[in-house]
Amino acid sequence: MPKSNPITKSIRLNPDENNFLKQISREKGLSEAAVLKEFVRQGMAKYKLERAIVAYERGETDLSAAAKYAGVSIYHMMSELQKRDISPPAATEKFILGLKTLLETFGGSDALQRTIAELEERTT
Amino acid sequence: MKQYASLDASFWINVCNANIAAYLKNYFQLYAASVVAKEIRYPLDILGIPSSTAVLFNQWVEQGVITIQDPQTPVDWFQSGENAAIGLAMENRCFLLIDDANPYHKAKAAGIKVVGSSEFIIFLFDQAQISFDQAIEAFNQSHASKKQKRDALFALELLKRYKEE
């Protein structure tokens, strides 16, 4: 794949932002351009993660695809979702049906049957 | 009798964190698509971190407990990822072990039996394979949301109460 040429972008900062950029540049020992580039990359990564999480929450994408889009591992995506307390749609229905499937396949106690019946009643 | 099951990364990560992976062997003959294996091995292969989740997965593959197998025709319901696990479950007419609820409706419509780690924890408690306290600890270690954990803990409490009656 041919390497694409970098594209130059210029931005305007107010004096406070400019002073802060100079300060960060000194602290990090990097040029102001390098600091800006790092911040843009971090901002883009954060933006992608947010978009992936919103899409996942709406049920528009699965976990793996969301992680791939955001450029993070599935471990990272699962932990982000947990941190933000996000449940995908249909989580409760899936849970009850999964229990029923296990009961029907491997058997289970009367107590489990009663539990499932009560959970179903509560969701309807 | 053991059931064939296609494993998804989300389920594997949660059962490993919950310390209940060992019980899977009692109920399932496990299969994993190579894309799923890649997701699970990520910390080890890409980051060089010997995460117990990835290490145990590799051990089970070496021991033949998990078989790596790719579907002939992966489904194209979302963009990628779980599609291979679902495709494998459809082709082998087997269980799909997955914690992601988003592909659930389509998997259900295709007649696939879907089970998540929360259900498996409740089931293990019912089968007296784990104690009530172990089940609670397993939920605490899972990556599920607070609502999912609340639902599961409610079911666990209910089951315990009915068992004691």
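1. Conventions. Residues are numbered from 1 along each chain as its sequence is written, while chains are lettered from A and ligands numbered from 1 in the order in which they are written. The model is predicted: local features need pLDDT of at least 70, side-chain atom pairs count only at pLDDT 80 or more, and totals for chains, interfaces and linings use all residues.

2. Overall build of chain B. Chain B has 9 helices and 5 strands (DSSP runs numbered from the N terminus; helices are H or I with at least four residues, strands E with at least two). Along the sequence the pattern reads β-α-α-β-α-α-β-α-β-α-β-α-α-α. The radius of gyration of chain B is 16 Å, close to the 15 Å from the globule rule for 165 residues, so the chain is as compact as a globular protein of that length. That radius is taken over C-alpha atoms, and the rule is 2.2 Å times the number of residues to the power 0.38.

3. Sheet. The 5 strands of chain B form an open, parallel sheet in the order S3-S2-S1-S4-S5, where pairing requires at least two DSSP bridges between two strands. S3 (66-68) and S5 of chain B are the edge strands, each pairing on one side only. S1(B) and S4(B) are joined in the parallel sense by 3 bridges; Ala5(B) stands opposite Phe95(B) in S4(B).

4. Helix H5(B). Of the 11 residues in H5 (82-92) of chain B, 8 are buried (20 or more other C-beta atoms within 10 Å of the residue's own, with C-beta atoms placed from the backbone; exposed means 12 or fewer, partly exposed in between). Among the buried ones are Glu82(B), Asn83(B) and Leu88(B). Their cover includes H3 (63-70) of chain A, as well as S1 (3-7), S2 (28-32) and H6 (104-109) of chain B. Just after the helix, Arg93(B) has a positive phi of about 50°.

5. Interface. Contacts (C-beta atoms, placed from the backbone, within 7 Å) link 40 residues of chain B with 40 residues of chain A. H9(B) gives the largest share of the chain B side, 10 residues. By class, that side has 18 nonpolar, 12 polar and 10 charged residues. Nonpolar covers Ala, Val, Leu, Ile, Met, Phe, Trp, Tyr, Cys and Pro; charged covers Asp, Glu, Lys and Arg; the others, Gly among them, are polar.

Definitions and conventions: Two residues are in contact if their C-beta atoms, placed from the backbone, lie within 7 Å.
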